[in-house]
Amino acid sequence: MTAALAFDGVACMRGGRTVFANLSFDLNPGDAGVVSGPNGVGKSSLVRIAAGLLAPADGVVHASGRRALLGESSALDRDLTLVRALGFWAGIDGRADMLEEAMAAFDLMPIAAIPVRLLSTGQRRRAGLARIVASGADVWLLDEPANGLDESAVAMLEAAIVVHRARGGIALVATHTPIAIQSARRIALGPVR
Ligand SMILES: Nc1ncnc2c1ncn2[C@@H]1O[C@H](COP(=O)(O)OP(=O)(O)OP(=O)(O)O)[C@@H](O)[C@H]1O
């Protein structure tokens, strides 16, 4: 299956209020989209719609290929060591073969034996990103992936996105901080008038 993600005239309502409307874009293999805009404008909601977790109020979402979502929480078992917690998810996703590459991409090998609950904020974020890589999913949906990351970890994220796109993957990234993503589609949300 070829990966694709397209919004066609999509509207989003939250709490009875229109957050954005008539949004269209399409992402094909190797593409990236960067969703930007001020707080509360609907970036997370857009990512949740793309993930199929929130229904659009209007319009249609076309998605093909496997999707993986990075939200606020990493969903890793706090009591397992990092390598076991990541290995659990890679196994569920049928991609145990990706585990080592994913951990190396975010320099997690040195802390592989540490329980998840003891990780720092940035380490936990890197672990969440490694879970996305290890999923082997075609479409990455990343909500504020740079939160808590230092400069070198942001560079790891940028490099991981390059590799993913080179393999024909798609990345949709909602961010309020700059992340260097070459030739990305800009999806700028603004207040609805
Ligand atoms: N479950 C909900 N019920 C009602 N309103 C909601 C709900 N979730 C979000 N909202 C509202 O929808 C709007 C968009 O929220 P969203 O989290 O998508 O924005 P955002 O652009 O990601 O914000 P931020 O940059 O602060 O993370 C906000 O006004 C928010 O208050």
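Select residues 5–192 to begin: the UniProt annotation, from an unreviewed entry, reads "domain: ABC transporter" over this span. The structure on screen is a predicted model.

**The ligand and its shell**

Next, display the ligand together with the residues around it. These are Arg14, Gly15, Val19, Gly37, Asn39, Gly40, Val41, Gly42, Lys43, Ser44, Ser45 and His176. Which element gives the most to this shell? Helix 1, residues 43–51, does so, with three residues.

Domain 1 takes in residues 1–65 together with 138–193, while domain 2 covers residues 77–136. The centres of the two domains, taken over C-alpha atoms, are separated by 23 Å. Turn now to the boundary, where ten residues of domain 1 are in contact with ten residues of domain 2. On the domain 1 side, select helix 5 (residues 151–166), which supplies the largest share of the touching residues, namely four. That side of domain 1 divides by class into seven nonpolar residues, two polar and one charged.

**A pair of helices**

In what sense does helix 2 pass helix 4, left-handed or right-handed? The crossing is right-handed. To view the contact itself, show Leu82, Leu86, Trp89 and Ala90 on helix 2, and Ala127, Ala130, Arg131, Ala134 and Ser135 on helix 4. Colouring the contact of helix 2 with helix 4 by class gives seven nonpolar residues, one polar and one charged.

Notes
Residues are numbered from 1 along each chain as its sequence is written. This is a predicted model: local features need pLDDT of at least 70, side-chain atom pairs count only at pLDDT 80 or more; totals for chains, interfaces and linings use all residues. UniProt positions are given in the numbering used here, feature names are shortened, and annotations may be inferred rather than shown by experiment. A residue is near a molecule or strand if its C-beta atom, placed from the backbone, lies within 6 Å of it. Helices (H or I, at least four residues) and strands (E, at least two) are DSSP runs, numbered from the N terminus. A crossing is left-handed if the near helix is turned anticlockwise from the far one by less than a right angle, and right-handed if clockwise. Two residues are in contact if their C-beta atoms, placed from the backbone, lie within 7 Å. Ala, Val, Leu, Ile, Met, Phe, Trp, Tyr, Cys and Pro count as nonpolar, Asp, Glu, Lys and Arg as charged, and the others, Gly among them, as polar. Domain bounds come from an automatic or database domain assignment.
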